[in-house]
Amino acid sequence: MTDLSAPDRFRPTPPVRPEHERAVADTGVIGDAARPLSPWEKLVDVAALRRVLLLAVIAAAWQAAAVWQNNPLMFPTFTATASALWDAALNDTLLPMAWVSLSILLKGYAIAVVLAVGLTTLAVSTRIGDDLLSTLTAMFNPLPAIALLPLAMLWFGLGSVSLTFVLVHAVLWPLALNTHAGFTAVSETLRMAGRNYGLRGPRYVATVLIPAAFPAILTGLKVGWAFAWRTLIAAELVFGVSSGKGGLGWFIFQNRNELYTDKVFAGLATVILIGLVVENIVFRWIEAHTVRAWGMVR
């Protein structure tokens, strides 16, 4: 007989429980995790197809509502608008006017990007620059850009310079705010690594801060683009009335005066289409070759 020590003598013996084996019936049904997708589920999983279907539903609802209202002067059908858009693109001045709008917008957008980078570089480099950026954005960011158009026309006359001025105002402040927020969110470890390599001033901003803060900068570029596009169309409506020329805004206003409602809708559709192209092609391409390629977003 084994001599147990005192601690082992009083240790309770765990109960012995019988093991049970249960056979699982093979039903031949695959679980949801391993179930292959049906053709419909594969189609639904494609984002581009979902958006095209959504646009088709919107177009069908538009067509049904216009047919039910039966007043082409107030609300033309989708097919009439599509026909007017095709005719205006081929036989009218829609495409040249769209290019006029885009050329002015790109000029103002580029100037605003350069100014925003300069202001934020100064803001992260000096305290005075930070105070200057904070003060200017607090003053001018809430100010609608279109409100400056009368003053711009007084200063610069009836020309593209006035439109460029209001576009710079529309883009500069949201872009500067997003860029500055991205710069301040860069980790201190990354900042110290850049300083240890001897980077200072513009080189430090270009090689460390801008790549690290590019998601926030890209957001500012998108917001600035949306503000600029809306401001430009609204400004061209006023500018076209004053000078008798302009871009898409003037095309819309002119056809409105002549009661070509289908062409008015065609002009609005052109504004929407250009916005969709820039958002879903240009900015998606920039995002794919920057923040997604760098692993900053999923």
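Predicted model: local features only at pLDDT ≥ 70, side-chain atom pairs only at ≥ 80, totals over all residues.
Colleague: Why is Ser101 called buried?

Modeller: The relative accessibility of Ser101 is 0%. Buried means under 20%, so Ser101 counts as buried. This serine is part of helix H5, which covers residues 94-125.

Colleague: Which residues does Ser101 touch, not counting those up to four places away in sequence?

Modeller: Ser101 touches Trp229, Leu232, Glu236, Gly247 and Leu248. Contact means heavy atoms within 4.5 Å. Trp229, for its part, is in contact with Ser101, Leu102, Leu105, Leu248, Val271, Ile274 and Gly275, leaving aside neighbours within four places in sequence.

Colleague: What makes a set of residues a nonpolar core, and which residues have the most contacts inside the largest one?

Modeller: The members must be buried residues of the listed nonpolar kinds, joined through side-chain atoms within 4.5 Å. The largest such core has 53 residues, and Trp225, Trp229 and Leu248 have the most contacts inside it. At least two residues of this core come from each of H5, helix H7 (149-156), helix H8 (160-184), helix H10 (201-212), helix H11 (214-243), helix H12 (248-257) and H13. In soluble globular proteins, nonpolar side chains tend to be buried together.

Colleague: How is the lining of the largest pocket divided into nonpolar, polar and charged residues?

Modeller: The lining has 16 nonpolar, two polar and two charged residues. The volume of this largest pocket is about 660 Å³. Among its 20 lining residues, Leu55, Ala269, Ile272, Leu273 and Leu276 are the closest to the centre. Leu, Ala and Ile count as nonpolar.

Colleague: Which element gives the most to the lining of the largest pocket?

Modeller: Helix H13 does, with 10 residues. The elements that give two or more residues to this lining are helix H3 (47-69), helix H4 (78-91) and helix H13 (261-288).

Colleague: Why is Asn70 called exposed?

Modeller: Asn70 has a relative accessible area of 64%. Exposed means over 50%, so Asn70 is exposed. Asn70 is placed in the loop between H3 and H4, and its phi is near 55 degrees, a positive value in a residue other than glycine.

Colleague: How do you know whether Leu259 is buried or exposed?

Modeller: The relative accessibility of Leu259 is 56%. With the cut-off for exposed at over 50%, Leu259 therefore counts as exposed. Leu259 lies in the loop between H12 and H13. Although Leu259 is not a glycine, its phi is positive, at about 60 degrees.

Note on methods. Residues numbered from 1 in each chain as written. Heavy atoms only, no water. Helix = DSSP H or I, 4+ residues; strand = E, 2+ residues; numbered from the N terminus. Buried < 20%, exposed > 50% of the residue type's maximum accessible area, 1.4 Å probe, protein only. 1 Å grid on protein atoms, 1.4 Å probe; cavity = no way out; pocket = protein on both sides within 12 Å on 5 of 7 lines; lining within 4 Å. Points joined across faces, edges and corners; volume = space filled by probe spheres on them.
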